[in-house]
Amino acid sequence: MRRPVIAANWKMHKTTGETRDFITQFVPLVEDVQDVEIVIAPPFTSLAVAAKFLKGSNVKLAAQNLFWEEKGAFTGEISPIMLRDVECEYVIVGHSERRQYFGETDETVNKRVRAAHQAGLKVILCIGETLEERESGKTFDVLKTQLSGGLKEIDAPDMLVIAYEPVWAIGTGKTATPEQAQEAHQFIREQLSGIYGAQEAQKIRILYGGSVKPENVASLMSQEDVDGGLVGGASLKPDSFAEIVKNAIKEA
Ligand code: PEP
């Protein structure tokens, strides 16, 4: 069975002090959880303090983005090596907000995935359709293009987690139904199977993201191909995020 992952995407929230306060409250709430891999992605400025306060816990650290070069004249960018230096194990790549506001394309997403893997960082690759694309029947085409583009010549499926995040469900309070999520996740797994073979595809965790809350996570997780969640808004409070983690434990 695939081990579920619940990952917090804090986006542009929390100062270093707020990060420390969250972690000191959150870690004791989930210290007994073994059946879910827990990941937190604070903003860059909070990574070092998060690493310090997460030490020895069962919570892993992720960054929200990275640049593909190791070092050099790239003002404002952060390299894979810098993320390793502050003890990140994961990095989120291709979030829809990066695609929408910062011009990310499948090509630049692919460069980031490649650079992350080369540095030994696991990737949470985000894909998902807009409302317009869904309503015009293009969901599967979009998912297929984003997957094949983002994963071009990426040969380390064991370092990969996919997050299906329908753009219309992110931060809107509108969640995909469990059936809509399953349909997309099953399609994604079929595509992964085409790229990596059925056996590898069965091992890759596919997370759902888009208005995940303590109340809806269990019904989403009840679907066969939903292996966890990428959580924005509801990950900002320790109680609510801990409840999501606990409610995500799959029935055997
Ligand atoms: C996200 O940012 O990845 C996300 C899913 O946000 P929210 O949970 O707030 O919809």
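Author: A polar contact is a pair of N or O atoms within 3.5 Å. Keep that cut-off in mind for what follows. The model is predicted.

Start with the side chain of histidine 95. One of its N or O atoms is 2.9 Å from an oxygen atom of the ligand.

A polar backbone atom of glycine 171 is 2.6 Å from an oxygen atom of the ligand. For glycine 232, a polar backbone atom is 2.8 Å from a ligand oxygen atom. The ligand, taken alone, exposes 290 Å². The protein buries 96% of that area.

Now the shell as a whole. The ligand is surrounded by 14 residues. The closest are Lys11, Glu165, Gly171, Ser211 and Gly232. Sorted by class, the shell holds eight polar, four nonpolar and two charged residues.

Is serine 211 buried or exposed? The relative accessible area of serine 211 is 15%. Buried means under 20%, so serine 211 is buried.

Glutamate 87 also has a positive phi. The value is near 70°, again in a residue other than glycine. Glutamate 87 belongs to the loop between helix H3 (80-85) and strand E4 (90-93). Its relative accessible area is 46%.

Last, glutamate 37. This residue is part of strand E2, residues 37-41. Glutamate 37 has a relative accessible area of 5%. That is under 20%, so glutamate 37 is buried. What does its side chain make a polar contact with? The partner is the side chain of lysine 60, at 3.0 Å. Neighbours within four places in sequence aside, glutamate 37 is in contact with Arg3, Pro4, Val5, Ile6, Lys60, Glu89, Tyr90 and Arg205.

Key: Residues are numbered from 1 along each chain as its sequence is written. This is a predicted model: local features need pLDDT of at least 70, side-chain atom pairs count only at pLDDT 80 or more; totals for chains, interfaces and linings use all residues. Side-chain values use heavy atoms; hydrogens and water are left out. Helices (H or I, at least four residues) and strands (E, at least two) are DSSP runs, numbered from the N terminus. Buried means under 20% relative accessible area, exposed over 50%, partly exposed in between (1.4 Å probe, protein chains only). A polar contact is a pair of N or O atoms within 3.5 Å; within protein, one must be able to donate a hydrogen and the other to accept it, and residues adjacent in sequence count only if both atoms are side-chain atoms. Contact means heavy atoms within 4.5 Å. A residue is near a molecule or strand if one of its heavy atoms lies within 4 Å of it. Accessible areas come from the Shrake-Rupley method with a 1.4 Å probe; for residues, only the protein chains shown count as cover. Ala, Val, Leu, Ile, Met, Phe, Trp, Tyr, Cys and Pro count as nonpolar, Asp, Glu, Lys and Arg as charged, and the others, Gly among them, as polar.
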